[in-house]
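Here's a quick briefing for anyone meeting this structure for the first time.

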Amino acid sequence: MDKIDALMEDMKRQPANVRFSDLQKICAHFFGKPRQHGTSHAVYKTPWAGDPRINIQNAGGKAKAYQVKQVLLAIGKLRDIESDDKT
């Protein structure tokens, strides 16, 4: 299992205990560089309009649990889109 997969497994098990820097790594891996950063928020572009949006917030070094769940949903949607493109 590579590091990204290990981080995602940890995120699924404990969404309330995810470091913001780890969530940033996951988002950058799947969605590229953030289109906005430098504040407490980082916003990532998705290939679809609307939800789930990727807007994560640094809360004292931790990611917010609801945002971790949104990222996991977005990754699932991205994987669905990629698998549809292959068929």
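**How the pieces pack**

The axes of α2 and α3 come within 11 Å and cross at roughly 20°. Axes here are lines fitted to C-alpha atoms, for helices over the stretch in contact, with angles running from 0 to 180 degrees between N-to-C directions. This is a predicted model, where local features need pLDDT of at least 70 and side-chain atom pairs count only at pLDDT 80 or more, while totals for chains, interfaces and linings use all residues. Residues are numbered from 1 along each chain as its sequence is written, and side-chain values use heavy atoms, leaving out hydrogens and water.

**α2 with α3**
- α2 and α3 are therefore roughly parallel to each other (angles under 35 degrees count as roughly parallel, over 145 as roughly antiparallel, 65 to 115 as roughly perpendicular and the rest as oblique).
- On the α2 side, Leu23, Ile26, Cys27, Phe30 and Phe31 meet Val68, Val71, Ala74, Ile75, Leu78 and Arg79 of α3 (contact means heavy atoms within 4.5 Å).
- Sorted by class, that contact has 10 nonpolar, no polar and 1 charged residues (Ala, Val, Leu, Ile, Met, Phe, Trp, Tyr, Cys and Pro count as nonpolar, Asp, Glu, Lys and Arg as charged, and the others, Gly among them, as polar).

**α1 with α3**
- Helix α1 (residues 3-13) and helix α3 (residues 65-86) have axes that come within 10 Å and cross at roughly 125° (helices, H or I, are DSSP runs of at least four residues and strands, E, of at least two, numbered from the N terminus).
- That makes α1 and α3 oblique to each other.
- Asp5, Met8, Met11 and Lys12 of α1 make the contact with Val68, Val71, Leu72, Ile75 and Arg79 of α3.
- The residues of this contact split into 6 nonpolar, no polar and 3 charged.

**The sheet**
- There's an open sheet of 3 strands in the order β1-β2-β3, with antiparallel pairing (two strands pair if DSSP finds at least two bridges between them).
- β1 (41-44) and β3 (62-63) sit at the edges with a single partner strand each, so one side of each has no neighbour in the sheet.
- Helix α2 (residues 20-31) lies across β1, β2 and β3, at about 160° to β2.
- α3 packs on the sheet too, touching β2 and β3, and its direction makes about 150° with that of β2.
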